[in-house]
Amino acid sequence: MINFFEKSDLSRKDAENIVSDTLKNCDDGELYFEDTKSETILLDDNKIKSSNYSSDLGFGFRAVSKEVVAYSHSNEISKDSLKKSSENLRSTLKSIKGTYNHSIIKSNKKFYEDINPIDQKSLNSKLEILNKVNDYLRKKDLKVKQVTASFSGEQKSIEIIRSEGEALTDVRPLIRFNVSVMIEKNGRKETGVYGIGGRQSYDQYLQDDNWKNVCEEAFRIASINLESVPAPAGEMKVVLGPGWPAILIHEAIGHGLEGDFNRKKISAFHNLMGQKVASEGVTIVDDGTIENRRGSLNIDDEGTPTERTVLIENGILKNFMQDRLNARLMKTRSTGSGRRENYKHIVLPRMRNTMMLNGKQTRDEMIKSVDKGIFAVSFGGGQVDITSGKFVFNCTEAYEIYNGKIGSPIKGATLIGDGPSILKEVSMVGNDMMLDPGIGTCGKAGQGVPVGVAQPSILINKMTVGGTKL
Amino acid sequence: MVKNQEYLKSKAEFCLSLAKKLGASDASVTVANSISETVSFRNKILDESNRSDSLAISITTYQNKKKSSISSSNLLDENLKTLIEKCFETTRITPIDEFNSLPDKELLAKKIKDLNIYDDTRIENNKKIEYLKELEEFASLEKKIINTESSFTENKSNFILANSDGFCDGYKTSSFSASCVAVAKDENSMERDYDYTKKRYLNEIKNPKELGKVASENTVKKLKSNKIGSEKISIIFDKRIAKGILSAFASAVTSSAISRGTSFLKDKINQQIFSSSINIFDKPDLIKGIGSQSFDSEGVQSETMKLVDKGYLKEYLIDTYNGKKLNLKSNGRSGGTTNLYFENGEINYNQLLKINSRNLYITDTIGHGVNIVTGDYSVGATGFLVENGEFKYPVSEITIAGNFNDMFKNITLANDLSFDFATNSPTMMIDGMVVAGK
């Protein structure tokens, strides 16, 4: 574990005293230290395009009273800098008094190992794999015109100091390996992208030449898109494949179940607790405790241990995702969902690994039941307006369905739906639940955090497909 | 106070000389400090105060045609030394890339124009609070508004860019911005919308009353929306959305996309890609401009460019690396466009609304449905149905789709250009796109 006081005139005792002093009339708050080492190595256009290493260090000091949050951050860890931050917090909260809540659950459970993935694999062996990827794909097919492959890895060490010297720490590894390929045939160009990753060493993901499988998958997606026809436009039935398409769940209802939007009553779900919001058979959880997953955390960024939070059980809305601030104001408990991108940002309630659990049907049954619709296998990204509930996501691999049979692949189209009603349109839930490959980043209020998703195949009765074919 | 030029210079010089000492043939360094203070309000009371002080350094070392980079927020000499050693070690084992190099010396900026992009005025937090109080007062006048969130941010930044060819320059910039997001509710639905202002000078931002009122009006008029059928219809993009079409164009003409062959506009130079009435400029020396700069992120002088002339593509956005690959000179666009805009069209806003008897007027899009490789465009949208120049009713839960190759050739612009952002467009109409709805 990093010693944040090692090269500073600020001692642990000083920091504890300043924290206790600053927060004594506040409801909550903490001093958050963070040290992040990260690297990105990128091959593009037949060359190693860049190798970047970054080392970021800083603190964020937060004081909370009633609904008001005062925050100050700096990358200078010194007595002077922390005192300046303290003054800043006090001046904001001077007329708002609170009572510090000392209770925070402790847990020793670990869902990933304390490793530094960057140092565990030599630069030379990373360069070697990137070059192999490039050669493999370009030799595989002359249609391949562009290959981009990258390693990114980081080790983030955090320490949280709460009032009265209570300290909580975590060390979080995270890696991602990504391949993108562009192919060209008769002047038409299409791309395919695939990636893998999580909170383990690079080699855990790359054993047995697994990079080849990543290449094959990116190439397969690009090849399919090369044959794609214009997508239909209008309302129709949609079958979603298992795994990554669960970003529909993430966008359509996940964000709407985050505590802040519901405390402020601006989420379309804020008055639906205990009510039926999804078809029977639909159960959705947000789980921070799955080993080595991209969205997993030992503790959240306020120090609360993560957990498996049931959001929707058999169609009924059961819980929101909470950080400490929103939990206190809504008179409930934190679900260990308080997260921040880094020390420069305030904590917000966020998703971890959001999953729809298995049902009983098979994907074949779903496809067979559709006269006209689409089968969506993979998506690029999504977005939601949590107030109106409208959400979109972009297909990167999808097919037409006609008379119960899968037809031609269709061009990338946007699907749009309404969050609160979409889950009531789920008429079949499959038995083939899959986790995504470990590539998701969720954006909210300008902060990106790593997340995971999972789901079985599902059939949605009615969604609008944003194609160009009328 | 934001760190001064001397401090940033001393750090940059320390790094350059160390890199040289280690044996780097070339090196470049950027040191930047940015201080932001934000105050946020919600429903007329203080919600958050946030002070951010960020210092960052990034260093690239070259050994002839090999290169690698590091960045850090820890500027202690001892840490920088460790990082530069690591950086140079990495450089040595990174393969040669013949196009790696510092910018050509003769292209480096020689004289820094005063672009009036730094206002030293300080607005204390209690003054920000006064602004937000007044703003929220006006934002929440309308009964249907059930939530307002607004914030005021003051930013002061300074930076130095230095390289081993002797370039060493930088300057301060400032910005003042305020935003208001309102939520309106009726029996059946909730909607949100916003207004926003950002200027280099404090005395030029919108007044709080206007900002609050516009946010409130934008939001309330979205209530009671309908979904329309799937059809081909002429689409009018509000200014705040039209600029996104221009940004998509810009990403398709960056030299990296061109040299990699991943742009639908590759090989289109000197060809007509827009309707013949369209002119596009990128102007780095706009006085007080949000996107103004004296030189790009490599130190190359940037001059005003006409990217599109009467519909013809005339220039790419070129940096040093991709320029060398394409055998073209950098035109000072490493880091992208500056103040990018469509020149005004011939007709006014009201005339534009009346060209067709039936239009879909788009005020917001969601999703990331821009594909630069193929030119395909498909996004979720909200807006209004406009008939005979009149706004009839709000429309939501639809998508709009097309391909830029066709869309660009069917653009008609109004004459209401204003410089509210770094990328700006007049109100824009595009014929022949497909709406997917019911």
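**Exercise 1.** Determine why Cys168(B) is classed as partly exposed.

*Solution.* Cys168(B) has 17 C-beta neighbours inside 10 Å, and therefore counts as partly exposed. By the rule applied, a residue is buried with 20 or more other C-beta atoms within 10 Å of its own, exposed with 12 or fewer, and partly exposed in between, the C-beta atoms being placed from the backbone. The model is predicted: local features need pLDDT of at least 70 and side-chain atom pairs pLDDT 80 or more, whereas totals for chains, interfaces and linings use all residues. Residues are numbered from 1 along each chain as its sequence is written, while chains are lettered from A and ligands numbered from 1 in the order in which they are written.

**Exercise 2.** State which residues Cys168(B) contacts, leaving aside neighbours within four places in sequence.

*Solution.* Cys168(B) belongs to strand β5 (residues 168-169) of chain B; strands are DSSP runs of E, at least two residues, numbered from the N terminus. Contact requires C-beta atoms, placed from the backbone, within 7 Å. The partners are Lys9(B), Ala12(B), Ile160(B) and Ala162(B).

**Exercise 3.** Describe how domain 1 of chain B meets domain 2 of chain B.

*Solution.* First, locate the domains: domain 1 covers 5-220 and domain 2 covers 225-438 of chain B, with bounds from an automatic or database domain assignment. Their centres, taken over C-alpha atoms, are 25 Å apart. Next, count the residues in contact: domain 1 of chain B supplies 19 and domain 2 of chain B supplies 17.

Methods. Helices (H or I, at least four residues) and strands (E, at least two) are DSSP runs, numbered from the N terminus. Two residues are in contact if their C-beta atoms, placed from the backbone, lie within 7 Å.
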